Amino acid sequence: MVRTISVLFSLLVCFNLLSEKRDTFFSSDKLTSVGVYYYPEHWDSTQWERDLKRISQMGFEFTHYAEFAWAALEPKEGIYNFQWLDRAIALADKYDLKVILCTSTATPPVWLTRKHPEILIQNEDGTYFDHGARQHASFSSSFYREYAKKIIDELGRRYGNDDRIIGWQIDNEPAVRMDFSPGALLRFREFLQKKYNNDIDALNSAWGAAFWGQTYSDFDEITFPRYRGWGKNPHQVLDHKRFTVNETATFLDEQAAVLHKYASPRQFITTNYIPSFEDGHIGKSKELDFNCYTRYMVSGRNEDLGIGKKGYRIGDPLRIALANDFFRPIDGYYGVMELQPGQVNWGEYNAQQLPGAVRLWLWSVFAGGSDFTCTYRFRQPLVGNELYHYGIVGTDGITPSRGGEEFSRFISEINILRKNYKQGKNISSDYYKRYAAILYNAENAWSLSTQRQSALWNTQTHFENYYRPLKSFGAKVDVISEEKDFIDYPVLIAPAYTLVDDSLISRWHDYVVKGGNLVLSVRTAYKDRNDRLFELPVGGKLFDLIGAKMDFFDLIVPSDTGTVVVDDSEYTWSSWGEIFTPYENTEIWGIHKGDFYAGKSAVLHRKLGKGTVTYIGVDSHDGALEKAVLKKLYSLLKIPVLNLPEGVWFECRDGFGVALNYSPETYQFPLDEDTEILIGSRNIPTAGVLVWRIKD
Ligand code: GAL
């Protein structure tokens, strides 16, 4: 009880701190606001006013300009043309629309590409990107960086103190782009020289270079890891990935630094990341005020198929839930820069979305705590690569698409909530009592995918086997990095956290001793931060913490399955299973069945100081074992949980509860009789939403 109160108290303190900065950009009584991309440079200027007026009439509160407009802003080197943008901003203002401005750097103009072809990305096979699409310039090109800074300087100087501009988006969906060009190689060598303090022996040791005679005598001998028939050096691969991630982060940092020279404190600086489980650059740019993500839910790709036969028309709820829970904890708040307005053109099958799906996504983004949602784009394009991509209005430029109508509906519903908003009503106690963090470091995913060991291993699925049950419990979840203090979370899960050092192990230990409940899973603490095994029995760094010794691990071929028994129920696995000998006083929660190690321990639990450690030594087929063990833990901790069906999830924010239904069935959400429902009803249909006021 004392712990719960102190957790709630520290959450409140933390909310207050973050709300100070957030309040300079967003006002809490507005809850959220909705905007839409508009590309004036794509349309006849006589239509701009009609379009902006329409955007405003549909309820949007801001628009988004100049994302790919570098060529229109600087048609020739050093010759700028801002008149069209000035006029577009003035028109937006006339219709009460604020503006997010972009740095335009994702589409360098052709004069730059032709003058400095060195800016083009070189692929691993030696081929180069060319002008004609977008994002063909390398973040590792010093020329590209310099020219980008010049146009940003101009933009910043002109609009940095302009209150019609609420914020800046740097670049577009800055991803981790591998560039194998000679220019990038020079920067890679510099990165390594810095990292290893100019000591080539330190690099040789970190890379295990003695193995297969790879030892280097000089940094100039180093090349990129390329496929050579026998795989790549895993330690070198890890450093190369770190380098590339760093290139993206510093490119963003440099752009932000230019904007900071001019931007008023009321203008935010952000970017629009594509959520990606393995892209470790996300959140690494320290100069951004907060992070935004982009999300497309229905495209027919495998990851979008959703639940049930028609689930592909709504998408997989986890793709928004997890993005919310991943981006929010970085700075405490976040925005969504692109949310699909309807049918897209780039997927495999590009189906129509189910009626209600767009509104459902909007509510899903809101539920996670977002301060705004923007959508790509107002008008469906009539030319270019995205001809069949829906907008808020269709090809005639006037008629709202189904998605457009759902955006308007959502905006009017937010207005209902604004009227019902009372400051300070933020916490529903059960939701916060269930609060859990999942510790995540993309470097683990890189290591695990470089050396999967079993073709059945999938790091993301393994992670989701922990995330999904928490959402079904109705828990608030933060995906956090090691920079965060663990003690704020009653439960901390570190799934397959393979790369560790002594300091992390001792932080885990302290967290538990002080009352935290740590859950670890397979493959954790096998390797050091250079991806080398420790000179110990495998997993040996953890034995004292988990109270057991790992005898070995096993991986099973697809024609067979492993079985583990927890509380008389059987669970199957194949991709990774660990076999333990527990120490005295360690409880055995799961045992192997039906193989030569039948009867040996697979799941362990122990008390330590004021807290507990649970170790789940199998990666189950469907996540059922992970869910059963987490449920057992929550029950032991006397934290009540829900049992929401797959596809139904809920969150609390600003005094409101929001439940969302992505499942093929209507679901009756368990709410007390006297709950004040604001939107929807207890019976939530497929693609339906329920919003209620949290009781005092
Ligand atoms: C996004 C991109 C936008 C647009 C959109 C189409 O990934 O940032 O510029 O291309 O896809 O769905």
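Which residues are around the ligand? Select Phe-68, Arg-134, Asn-172, Glu-173, Tyr-296, Glu-338, Trp-346, Tyr-376, Glu-386 and His-389. A residue is near a molecule if one of its heavy atoms lies within 4 Å of it.

Before going on, note that this is a predicted model, in which local features need pLDDT of at least 70, side-chain atom pairs count only at pLDDT 80 or more, and totals for chains, interfaces and linings use all residues. Residues are numbered from 1 along each chain as its sequence is written, and side-chain values use heavy atoms, with hydrogens and water left out.

**Stop 1: the ligand**

Stay on the shell around the ligand. It divides into 4 nonpolar, 2 polar and 4 charged residues. In this scheme Ala, Val, Leu, Ile, Met, Phe, Trp, Tyr, Cys and Pro count as nonpolar, Asp, Glu, Lys and Arg as charged, and the others, Gly among them, as polar.

Glu-173 has a side-chain N or O atom 2.5 Å from an oxygen atom of the ligand. For His-389, a polar side-chain atom lies 2.6 Å from a ligand oxygen. For Asn-172, the distance from a polar side-chain atom to a ligand oxygen is 3.1 Å. On its own the ligand has 310 Å² of accessible area, and the protein covers 94% of that. Accessible areas come from the Shrake-Rupley method with a 1.4 Å probe; for residues, only the protein chains shown count as cover.

**Stop 2: the loop between E8 and H12**

Select Tyr-376 again, this time with Arg-377. A cis peptide bond joins the two, with omega at about 15°. Most peptide bonds are trans. Arg-377 is in the loop between E8 and H12. Helices (H or I, at least four residues) and strands (E, at least two) are DSSP runs, numbered from the N terminus.

Move along to Leu-382. This residue lies in the loop between strand E8 (372-375) and helix H12 (402-420). Leu-382 counts as partly exposed because its relative accessibility is 47%. Buried means under 20% relative accessible area, exposed over 50%, and partly exposed in between (1.4 Å probe, protein chains only).

With Leu-382 they make a nonpolar surface patch of about 450 Å². Patches are made of residues with over 30% relative accessible area and no salt bridge: like charges are joined within 9 Å, nonpolar side chains (Val, Leu, Ile, Met, Phe, Trp, Tyr) within 5 Å.

**Stop 3: salt bridges**

How many salt bridges does a search of the whole structure find? The count is 49. A salt bridge is a side-chain nitrogen of Lys or Arg within 4 Å of a carboxyl oxygen of Asp or Glu.

Pick Arg-418 and Glu-61. Their closest N and O atoms are 3.0 Å apart. Arg-418 lies in helix H12 and Glu-61 in the loop between helix H2 (48-57) and strand E2 (62-65), so this pair ties together parts 357 residues apart in sequence. Glu-61 is partly exposed, at 22% relative accessible area.

Next, select Arg-532 and Asp-528. They form a salt bridge of 2.9 Å, N to O. Arg-532 is partly exposed at 26%, whereas Asp-528 is buried at 13%.

Then show Arg-145, Glu-146, Lys-149, Arg-187, Glu-247 and Glu-254. A network of salt bridges links them.

**Stop 4: positive phi**

Most residues other than glycine have a negative phi. Go to Trp-212, where phi is positive, near 60°. Trp-212 is in the loop between helix H8 (200-206) and helix H9 (234-262). Is Trp-212 buried or exposed? At 59% relative accessibility, Trp-212 counts as exposed.

Jump to Ala-687. Its phi is also positive, about 70°. Ala-687 lies in the loop between strand E24 (683-684) and strand E25 (689-693). Ala-687 is buried, at 5%.

**Stop 5: two strand residues**

Select Glu-651 in strand E20 (residues 648-653). Glu-651 is buried, at 1% relative accessibility. Its side chain makes a polar contact of 2.7 Å with the side chain of Trp-649.

Finish at Ile-616, in strand E18 (residues 611-616). Ile-616 is buried, at 0%. Draw a distance to Ile-684: the two C-alpha atoms are separated by 35 Å, and the residues are 68 apart along the chain.

Notes
A polar contact is a pair of N or O atoms within 3.5 Å; within protein, one must be able to donate a hydrogen and the other to accept it, and residues adjacent in sequence count only if both atoms are side-chain atoms.
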